[in-house]
Amino acid sequence: MVKVRLSYNCPESQLNLGGIVLMKGQDFQDVPELPEIKQAIEQGYLEALKEEKKEVKKEIKEGDEVLVFAEQRNNKIARVALELLGKASELAQKLNVKTAAILLTDKDSSLSNELIAHGADKVYLVESPLLKNYQTDLYTKVIFEHIKKTKPQVVLYGATHIGRDLAPRIAQRVNTGLTADCTGLDITEDGLLLQTRPAFGGNLMAQIQCHERRPQMSTARPGVFNIIRTEKKGEVVKVKPEITEKDQKTRILEIIKETKKKVNLEEADVIVSAGRGIGNKENFKLIEELASLLRAEIGASRGVIDAGWVPKDHQVGQTGKTVRPKLYIAIGISGAIQHKVGMQNSECIIAINKDASAPIFGVADYGIVDDLFKVLPEIINELKK
Ligand code: FAD
């Protein structure tokens, strides 16, 4: 079907095409694409008009908040939750609504104040001994009930193991969409959440909007957004959790900490990161020695991961981790765009590369153009003194 109008090129004031009578000065919708119609369009007697976009019916009752899930472990707020509060404040300002956080815990101590100091206008505090540690069923129930009551416009979660487990369950219950692992969040001119995330293995950045369902929900990568500090006088609202032990389908019997040292690049203050320039797995001893002297975490380019010299959880970049340490030392890394997007927000970047034209120097605060096998032993010796 097409929408058409009799063109001014048409000498007649009306045309009969395959039994359809078209008159000058009128638009005709849903006209079948008959051969006569197509021919008249080709001859310029008919203009094919673009279908106007149908208005999306908005029967959405929206609340007045951007809500952040304030993930805590052992009564310590996850850094990503603070990062999200900074971004949520910016989004809330654009939407002219409040920033809120929901905190599930067994005891609040000073966590609510910490959330307010990082941007929350309101903290929904849900306290129960059952909420001490994350448990899928209980946390899902509490947050689902809360969303039903308060109807926030946007809900944000950190893309941590907990956030990735929780957010899809809530999305399913409230019957809305979820964009996972966002690296960018903004508000469009129409007031919709614009969610950006890498797609197709990082080959393109997809921008996703949720038009018809509420709330709009995303998980966001740790390390991407800035932490802010505010002087806000926020409000703490206690929420009574409607949960009992019967809601628990699983029980935590014991928490066993991983003995293997976890790579914690997102929260590291110093990262010593190596690229293919390090040559082979053996030479990584130099990187390990420097990292241990600086009490740093070890990062790596994808080139190094693909070569199998260190495991994937060390990878920095578009398809690895996004980091923003106080100090990032890039050793033998060329600085491909996919690497830079993951580390360029570090406070201070030092690059060591024998090629003066390596793109890494474009984002570095200090650069050493030399052979890393000459430079690293000298730095290590100095640090040992
Ligand atoms: P190279 O580009 O080979 O650079 C090695 C550098 O070492 C060179 O600049 C060289 O001058 C220097 N060098 C060599 N020997 C010495 C020496 N003796 N002394 C000093 N310097 C020396 N990459 C990432 O890092 N992270 C990602 O998340 C990521 N995601 C990607 C996603 C997609 C979809 C694609 C297509 C690619 C992705 N990449 C990613 C790969 C990226 O494009 C680069 O291929 C990769 O970062 C290169 O790694 P590199 O810098 O270690 O190696």
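**A strand pair, the domains and the ligand shell**

Guide: Gly 184 stands opposite Thr 196 in S14. The model is predicted, so that local features need pLDDT of at least 70 and side-chain atom pairs count only at pLDDT 80 or more, while totals for chains, interfaces and linings use all residues. Residues are numbered from 1 along each chain as its sequence is written.

Visitor: How many bridges join strand S13 to strand S14?

Guide: Strands (E, at least two residues) and helices (H or I, at least four) are DSSP runs, numbered from the N terminus. Two strands pair if DSSP finds at least two bridges between them. S13 (residues 184–187) and S14 (residues 193–199) run antiparallel, and the number of bridges joining them is four.

Visitor: Which residue in the turn of this hairpin has a positive phi?

Guide: Five residues lie between S13 and S14 in the hairpin. The phi in question is about 80°, and the residue is Gly 191.

Visitor: How far apart do the C-alpha centres of domain 1 and domain 3 lie?

Guide: Domain bounds come from an automatic or database domain assignment. Domain 1 covers 2–48, domain 2 covers 66–245 and domain 3 covers 265–384. Between the C-alpha centres of domain 1 and domain 3 the distance is 66 Å.

Visitor: Which helix supplies the largest share of the shell around the ligand?

Guide: A residue is near a molecule if its C-beta atom, placed from the backbone, lies within 6 Å of it. Of the 31 residues around the ligand, those that come nearest include Arg 302 and Gly 303. With three residues, the largest share comes from H7.
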